[in-house]
Amino acid sequence: MFTLDLRKTSGLIISLIMFFSFIYTAHANDAQSDTRQLMQMAEYIGADYSAAIANGEVINEAEYSEMTEFSALAVEKTRQLENGQDAVEAALKLQQAIADKQNPDVIHPITVELRNILIKLSPAVSLPSELLPIQQVQALYQQNCSACHGAKGQGNGELAATLDPTPTDFTDKERAMNRSLIGLYDAITNGIEGTAMVALSHLDEKQRWSLAFYAGSIAFQDNKGLATVPAGMSIQDFVSNSPNTLLNKYPTLDNQTVAELRSNPEPLFASNDPLAMAKQQLNASHKSYMAGEYKTAQGLAVSAYLDGFELAENALDAYDPKLRKDIEKSMMSFRQLTSQSDKQDEITALLEKTNSQLSEAQDMLSADTLSDSTLFTASLVILLREGLEAMLVVLALVTVLVKTERRDAVKYVHAGWVIALIAGIATWWAAQNLISISGASREIMEGVGALMAAVILFYVGFWMHSKTNAAAWQAYINQHIHRHLSTGTLWGLAGLSFIAVYREVFETVLFYQALMTQSASSQSMSIATGFVTATVILAVLFWVIIKYSLRLPIRKFFTFSTYLMLALSFVLIGKAVAALQEADLISISSFPIDFTLSWIGVYSTWEGLAAQLAILILSVLILIGIRPFGNRQTA
């Protein structure tokens with residue numbers, strides 16, 4: 001007998017996802033419009049107030065009048081915000097300070113405080129996956145901006161002398177240090193009321209963001225280096241805050257790095273290239289290690305693999321399996337070194353080696369060299385590898401129910417995996433738009449799910465083995481089956497089906513997303529064909545096993561099902577340990593012989609092999625009939 005009631009847990013997860021999705025859809029546009037306008041207003045005051053007041057005296061009446069008007073408008077609009085009491089208080093403080101003609105060094109911190117409050121209230125910024133090539137952006141600037149701001153952004157265009165207020169001088173570094181990229185984007189998108197800056201509504205979102213990044217880079221053109229993005233700082237943070245605010249927010253950030261990221265924002269978009277992300281995080285890990293920050297270095301090394309390289313493994317494995325294994329081994333060695341002190345020479349040499357391997361992989365997986373056959377194979381393998389285990393679990397549950405004449409309960413199993421598909425895709429969407437789910441969190445989710453499924457399947461295998469005797473099975477049916485399948489077990493079956501599928505769906509979507517970024521748009525059909533082919537193969541396997549397993553006599557059927565359940569438990573326990581090791585929750589002790597049999601969850605670590613050996617020994621004890629593991633007549 002087995003009972004498992006995951007109705008409340010799975011129902012709560014899905015309800016929360018649907019609830020937040022609904023709230024986000026209903027309110028995102030209004031909330032974004034109000035808060036972004038206020039953010040722009042606060043930033044504008046912080047950047048331009050010095051042109052209105054000096055030493056407590058008004059030096060420009062027009063500018064001061066504008067500051068007074070904007071501060072009053074900020075108070076009015078913050079009062080209309082939901083949960084905006086803190087914003088109202090900051091806006092009132094700003095209004096009073098402007099009325100008192102406080103100096104700019106007093107005003108600026110208040111505007112930063114107000115913006116930080118508004119950022120917390122604001123929905124996530126919608127950003128393109130990449131910017132336009134610099135030549136295209138420069139052409140856009142000359143067509144749309146140079147007449148006012150000048151060909152070089154100095155605010156001296158041919159129309160500048162006729163405008164009041166005068167156009168912004170983008171080369172003014174002091175002012176640029178107080179302007180965020182989102183502020184520039186909003187000015188481009190919506191214009192600025194009371195000025196000659198009009199909305200460039202004829203440009204699409206990617207063009208407007210590219211212009212914003214370009215305008216924000218002009219003051220930093222002397223800094224041409226390729227910066228490493230500080231740990232914990234996302235592209236959302238970078239675009240939402242001014243350089244001065246970022247310097248205060250991230251103690252490890254320096255002026256040089258800020259300037260390099262403004263001048264060349266490529267590292268900020270590295271997440272679109274998994275291998276670039278891997279290199280970026282490895283470099284950041286090395287930097288932290290050399291500074292003696294070993295824990296930070298270890299976390300970044302984990303991120304380099306899970307947030308970077310893992311997402312490109314499937315494509316690389318289809319192209320060059322040996323290189324994939326070499327990089328995996330190098331990254332594992334790098335991660336292990338980060339937990340040891342006084343290994344500066346070794347870790348520096350290994351960094352150079354790993355970066356060289358990753359560069360080689362980047363060359364292979366560029367859109368110019370990644371063939372249609374490689375994409376097809378990678379797409380096929382992703383779905384077969386991620387989907388086979390889930391399909392076998394669902395298959396085992398369905399066949400048991402059909403064989404025991406409980407077809408009415410099959411719908412619960414189907415409900416479990418269908419809900420898991422929806423929830424997995426919804427989780428991926430939420431991770432892209434609402435919340436941040438790191439690679440480590442993803443592996444923890446998968447590892448815990450695999451561990452739960454392994455334990456449950458092992459118990460089910462043990463239970464089914466105890467019923468291989470026909471008399472024992474008939475007695476069990478007469479005494480228990482109707483009562484238990486009419487209560488918690490039905491939802492337990494749905495829950496197990498949900499767990500088996502959900503743990504795979506989210507990661508599968510991420511793998512396909514990464515594969516798409518590594519291909520040209522004309523190659524989408526190759527990926528789709530691989531996906532469809534894998535789906536057909538899984539469907540045929542499902543049908544064949546269902547058709548022929550149900551023809552078996554009851555004893556042989558239960559024996560077959562016992563072996564299947566115990567085998568799945570063996571595979572899943574190995575994959576659970578591997579996932580939790582990748583998430584750095586379980587230590588890694590390498591086996592003397594390096595080997596990997598990923599299809600059956602066998603990896604060359606003592607921890608994983610020990611867990612699988614335990615399952616193997618217990619399974620043997622069950623199968624040979626040693627008590628208390630052996631066949632028993634009682635239910």
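A cavity is defined, on a 1 Å grid over the protein atoms alone, as a set of points where a 1.4 Å probe fits but cannot get out. In this predicted model, local features need pLDDT of at least 70 and side-chain atom pairs count only at pLDDT 80 or more, while totals for chains, interfaces and linings use all residues. Residues are numbered from 1 along each chain as its sequence is written, and side-chain values use heavy atoms, with hydrogens and water left out.

Four cavities of 30 Å³ or more are present in the structure; a volume is the space filled by probe spheres set on the points, which are joined across faces, edges and corners. The second largest cavity holds about 80 Å³ of space. Its lining (residues with an atom within 4 Å of a point) consists of Thr168, Asp169, Phe170, Asp172, Arg175, Ala176, Arg179, Leu184, Ala215, Gly216 and Arg262. Two or more of these residues come from each of α7 (173-176) and α9 (205-217); helices are DSSP runs of H or I with at least four residues, numbered from the N terminus. The lining of the second largest cavity divides into four nonpolar, two polar and five charged residues, where Ala, Val, Leu, Ile, Met, Phe, Trp, Tyr, Cys and Pro count as nonpolar, Asp, Glu, Lys and Arg as charged, and the others, Gly among them, as polar.

Helix α17 (residues 344-364) packs with helix α16 (residues 321-337), their axes coming within 10 Å and crossing at roughly 150 degrees. Axes are lines fitted to C-alpha atoms over the stretch in contact, and angles run from 0 to 180 degrees between N-to-C directions. The crossing angle makes α16 roughly antiparallel to α17, a term applied to angles over 145 degrees. Contacts (heavy atoms within 4.5 Å) between α16 and α17 include Leu323 and Phe334 of α16 and Leu350 and Met364 of α17. The residues of this contact comprise 11 nonpolar, four polar and four charged.

Helix α13 (residues 274-290) also packs with α17, at an angle of about 170 degrees and with the axes 10 Å apart. The two helices, α13 and α17, are therefore roughly antiparallel to each other. Among the residues that meet are Leu282 and His286 in α13, and Leu351 and Asn355 in α17. The contact of α13 with α17 has 10 nonpolar, eight polar and one charged residues.

Two backbone features lie in loops. Aspartate 164 and proline 165 are joined by a cis peptide bond, with omega about 0 degrees; proline 165 is in the loop between α6 (146-149) and α7. Lysine 101, a residue other than glycine, has a positive phi near 55 degrees and is placed in the loop between α3 (85-99) and α4 (104-121).

Notes. Angles under 35 degrees count as roughly parallel, over 145 as roughly antiparallel, 65 to 115 as roughly perpendicular and the rest as oblique. On a 1 Å grid over the protein atoms alone, a cavity is a set of points where a 1.4 Å probe fits but cannot get out, and a pocket is an open set with protein on both sides within 12 Å along at least five of seven lines; lining residues have an atom within 4 Å of a point.
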